[in-house]
Amino acid sequence: MPVAIQLVPAIIVFYLIMFLPESPRWLIMHGRIDQGIHNLRKLRRLPADDPVLKAELDSIIATYESQKSQAPFQYEELFQNGKS
């Protein structure tokens, strides 16, 4: 019975998560820039030509470009006390 009680909220979350939109950052990182801009506009409730929206979009793209130029993450870095 205790396990069944814990499963009820988990099932509800599992079902409802399918209806959540992808994050703008994820969409932009996967090349779906127009959809990312659309989701960012809906999230911030700003018009398409707003300078705040443009600045955040530029920040997301700059962060992605910076991360893309670095070497991919390796899990062994967690245990080697590396520079990052």
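Which residue's side chain does Lys-54 meet in a salt bridge?

**Entry 1, ground rules.** I am working with a predicted model, in which local features need pLDDT of at least 70 and side-chain atom pairs count only at pLDDT 80 or more, while totals for chains, interfaces and linings use all residues. I number residues from 1 along each chain as its sequence is written, and the side-chain values I quote use heavy atoms, with hydrogens and water left out.

I looked up the partner of Lys-54 and found Asp-58, with 3.4 Å from N to O; for a salt bridge I require a side-chain nitrogen of Lys or Arg within 4 Å of a carboxyl oxygen of Asp or Glu. Both residues belong to helix α4, where they are four residues apart and therefore separated by about one helical turn; helices here are DSSP runs (H or I, at least four residues), numbered from the N terminus. I then checked accessibility and noted that Lys-54 is partly exposed at 48%, as is Asp-58 at 36%. My classes are relative accessible area under 20% for buried, over 50% for exposed and in between for partly exposed, with a 1.4 Å probe and protein chains only.

**Entry 3, the count.** How many salt bridges does the structure hold? I find three, and I keep in mind that side chains of opposite charge can pair when their charged atoms come close.

I looked up Arg-44 and recorded a salt bridge with Glu-56, in which the closest N and O atoms are 2.8 Å apart. Arg-44 lies in helix α3 (residues 33–44) and Glu-56 in helix α4 (residues 51–69), so this pair ties together parts that are twelve residues apart in sequence. I list Arg-44 as partly exposed, at 39% relative accessibility, and Glu-56 as partly exposed too, at 23%.

Is Asn-39 buried or exposed? I find Asn-39 in helix α3, and with a relative accessible area of 12% Asn-39 is buried. Leaving out residues up to four places away in sequence, I recorded that Asn-39 touches Pro-21, Glu-22, Pro-24 and Leu-27, where contact means heavy atoms within 4.5 Å.

Methods. Helices (H or I, at least four residues) and strands (E, at least two) are DSSP runs, numbered from the N terminus.
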